[in-house]
Amino acid sequence: EALQYVLGRWGFRRLDLAVDRRVLIPRPETELVAEAAIELAAATGPPRLLADLGTGSGAIGLSLAAELPLDGTTVWITDASEDALAVATSNLPGIGRAARNVRVAHGSWFEALPPGERFDVIVSNPPYVAEDSPDLDELVANWEPREALLAGAEGLDAIRELVAGAPEHLVEGGWLVLEIGAHHGSAVRKLFEQAGFEHIEIRSDLAGRDRIAVGQSLTSS
């Protein structure tokens, strides 16, 4: 069993998160995803409206709430798994007063968001492992939730859905930030381009692998 599940807790940026087999173990690569979203969100508003889709333990969304200014920040954390949302909700008290800025919703991707709202930043660490990937560690495969890991034959099913749907839910000039697989950079860039995003970047993790995709929704000239 993974050490993090044995301990029942694990650190993520400034947070000490409860984790168990209902959610993925927070990883250093995802801290970089959170950092990118925080930097972009800090440059908007206030007010700033943010969403962490497929939040799992709440790592990214709660980091947004905890590290951005208390006034003028609202963060939606969502997940299709009620079990995952229970874990994320249990982590809410750990961010203190900033918990008042967090809204929790159950649903698949954009379906969980309030109708008509447009967000300044949408961020997600979606499933991005191919169904038959030989790179999936045996410990991960045996212990972590498969629905949070696997995304079709290429590992791109969830990313395709997020990129295609994001423009309808972002403000003009809003940002989409995604964690991606190490071999997905060029494919994800193409998806962003097809969806009309600007200022697209594929950023690397500390090991130099493709890990973060960032794009800005189309702005009027």
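Q: Thanks! To start, why does a radius of gyration of 16 Å agree with a compact globule?
A: With 221 residues, a compact globule would have a radius of gyration near 17 Å, so the protein's 16 Å agrees with that. Keep in mind that this is a predicted model.

Q: Okay, and what does the C-alpha trace span along its principal axes?
A: About 55 × 40 × 30 Å.

Q: How many helices and strands are there?
A: The protein has seven helices and nine strands. Helix 1, for example, covers residues 3-7, and Leu3 is found in it.

Q: What does Leu3 do on the surface, together with Val6 and Leu7?
A: Leu3, Val6 and Leu7 form a nonpolar patch there. Together they have about 300 Å² of accessible area.

Q: Switching to pockets: how much space lies in the largest one?
A: The largest pocket holds about 1,100 Å³ of space.

Q: Which residues lie nearest its centre?
A: Those are Leu24, Tyr128, Val129, Ala148 and Leu149, out of 46 residues that line the largest pocket.

Q: And how does that lining split by class?
A: The lining of the largest pocket has 21 nonpolar, 13 polar and 12 charged residues.

Q: Which helices supply at least two residues each to the lining?
A: Helix 2 (28-42) and helix 3 (59-67) each do that for the largest pocket.

Q: New topic, salt bridges. What's the count?
A: The count comes to 12 salt bridges. One of the pairs is Arg13 with Glu67, whose side chains meet at 2.8 Å, N to O.

Q: Where in the chain do Arg13 and Glu67 sit?
A: This pair links distant parts of the chain, 54 residues apart. Arg13 is in the loop between strand 1 (9-12) and strand 2 (15-18), while Glu67 is in helix 3.

Q: What about the backbone at Arg13, is phi positive or negative there?
A: Positive, at about 50°, although Arg13 is not a glycine.

Q: Now the prolines: is the bond between Gly45 and Pro46 cis or trans?
A: A cis peptide bond joins Gly45 and Pro46, with omega at about 0°.

Q: And from Pro46 to Pro47, cis or trans?
A: The peptide bond from Pro46 to Pro47 is cis, and its omega is near -5°.

Q: Last one: where is Pro46 in the fold?
A: Pro46 lies in the loop between helix 2 and strand 3 (48-53). Pro47 has its place in the loop between helix 2 and strand 3 too.

Methods. Residues numbered from 1 in each chain as written. Predicted model: local features only at pLDDT ≥ 70, side-chain atom pairs only at ≥ 80, totals over all residues. Heavy atoms only, no water. Patch = residues over 30% accessible without salt bridge, like charges linked within 9 Å, V, L, I, M, F, W, Y side chains within 5 Å. Areas by Shrake-Rupley, 256 points an atom, 1.4 Å probe, with all protein chains shown as cover. Salt bridge = Lys/Arg side-chain N within 4 Å of Asp/Glu carboxyl O. Helix = DSSP H or I, 4+ residues; strand = E, 2+ residues; numbered from the N terminus. 1 Å grid on protein atoms, 1.4 Å probe; cavity = no way out; pocket = protein on both sides within 12 Å on 5 of 7 lines; lining within 4 Å. Points joined across faces, edges and corners; volume = space filled by probe spheres on them. Nonpolar A, V, L, I, M, F, W, Y, C, P; charged D, E, K, R; others polar. Rg over C-alpha atoms; globule rule 2.2 N^0.38 Å.
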